[in-house]
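Open the structure in your viewer and keep the selection tool at hand.

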Amino acid sequence: MSVKLEVAQEILLNLVKVMPKEKVVLSECWRRVLGETVVSDMDFPPFDRSPLDGYALIDAEVAGATPESPVILQQIDYIPAGETPHKPVIPGTACRIMTGAPIPPGATGVIRLEDTIVDGDKVTILDGRGAGKNICLRGEEIAREEEVIFQGTVINAGVMGMLAVLGKSRPAVFCKPRVALIATGSEIVPVDFPLTPGKIRNSNSFMLSAQAAEAGAQTVLLGNASDNVDEIAHLLETASDCDVFITTGGASVGDYDFISEVYKKLGITLLFERVSIKPGMPVLAGIRDGKLYFGLSGNPAAAAISFEQLVRPVLMKMGGRKVWWRPRIKAILAAPFKKMTGAKRFVWARCWQTNNDILVEPSRAQGNGMLKSAMGANAIIVIPENSPPLPLNAEVEVILLVDA
């Protein structure tokens with residue numbers, strides 16, 4: 001008996017335990033998940049500063065300056081970035097100032113260098129418009145005690161920079177879940193083995209390793225095992241330090257589908273053994289000592305879809321993220337989809353935007369065992385259960401294969 005996808009997802013997510021945290025040097029935090037909410041201990045900018053090279057002055061004095069009617073001021077100071085002003089600005093004076101330097105006392109605006117003519121200590125202002133806007137005010141970006149970055153944020157380039165601004169040299173991040181991967185099947189050989197009749201190379205472990213890494217996990221490739229309960233069980237036991245365990249193959253009901261027997265042997269409590277989706281209906285999930293086990297199909301496309309819908313959200317939540325799902329949009333079919341659908345179906349696709357619409361086209365070669373359809377896909381079409389064939393220009397729901 002298969003369970004609905006939404007039921008399976010809820011069962012799994014309710015069992016997820018979020019990973020502990022660790023402190024990591026900032027240079028190694030790219031794409032990690034922040035494990036703390038960062039509160040600023042300062043205003044930023046920490047002082048009123050100039051956003052450009054020019055002259056700090058009293059803006060009301062130069063508001064009407066034009067090339068035909070310029071205003072002439074006396075330069076009384078020079079303030080490079082990193083220095084502090086020596087003199088206040090008073091009527092009739094200006095201070096040469098560089099980008100990032102503090103605004104001197106008394107100044108209420110900054111004029112661009114390009115709008116001046118300098119002759120010794122005399123500064124001729126040719127255009128005084130907007131001088132009062134050319135000041136970055138203290139605290140205008142960040143206020144002291146402001147919550148600036150929230151726990152669960154994925155650390156991208158902007159977050160890296162902001163952590164540096166705030167002096168977080170070793171922020172707390174969530175530990176990455178460790179995922180053990182085993183490909184089962186007596187027909188499976190390692191990638192670097194020559195093929196002999198009846199054999200295929202282990203592609204699933206490398207495909208799923210990439211998917212797991214994208215979801216923020218570390219992967220441990222345990223190789224492949226033949227269709228033998230004891231051998232598969234032994235390999236799983238060698239990875240006791242992992243947090244999630246994934247096998248591919250042996251998840252259906254054939255003569256050599258042994259994963260359910262492996263679960264019994266290891267005392268893994270079975271959560272479900274079929275999910276009502278295509279591809280990927282044969283999928284087992286279990287739990288032992290708080291750790292989750294997944295038995296995915298040996299067919300690559302089916303394994304990839306099962307991972308996307310069941311394992312990825314688990315890893316995202318486990319890794320401390322607040323959003324576990326990829327973004328979904330509506331799009332228009334650029335080619336018909338000719339199959340009837342019983343169970344909910346997921347179709348690899350290419351999605352793009354035109355001037356007026358967002359279009360999506362199913363990839364070719366959508367068979368359970370086919371990998372080519374996933375290679376160029378940037379989206380997955382979601383076809384509801386019990387759907388008839390879909391014509392050209394039908395509106396469909398699309399999962400975008402980008403981070404949420």
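Which residue in β22 is the bridge partner of R350? Select E361: in β22, this is the residue bridged to R350.

Some ground rules. This is a predicted model, where local features need pLDDT of at least 70, side-chain atom pairs count only at pLDDT 80 or more, and totals for chains, interfaces and linings use all residues. Residues are numbered from 1 along each chain as its sequence is written, and side-chain values use heavy atoms, with hydrogens and water left out.

Stay with β22. Helices (H or I, at least four residues) and strands (E, at least two) are DSSP runs, numbered from the N terminus. Strands pair if DSSP finds at least two bridges between them. Select 344-353, strand β21: 5 bridges join β21 to β22, and the two run antiparallel. A hairpin of 4 residues links them.

Next, the open sheet. Show its 6 strands in the order β14-β11-β15-β19-β18-β16, with mixed pairing. β14 (218-225) and β16 (269-274) each have a single partner strand, so one side of each lacks a neighbour in the sheet. Zoom in on β18 (282-288) and β19 (291-296): they run antiparallel, joined by 5 bridges. L284 has G295 in β19 as its bridge partner.

Last, select 204-214, helix α4. Helix α4 packs on the sheet, touching β11, β14, β15 and β19. Contact means heavy atoms within 4.5 Å. Then select 259-266: helix α6 lies across β11, β15, β16, β18 and β19.

How values were computed. Axes are lines fitted to C-alpha atoms, for helices over the stretch in contact, and angles run from 0 to 180 degrees between N-to-C directions.
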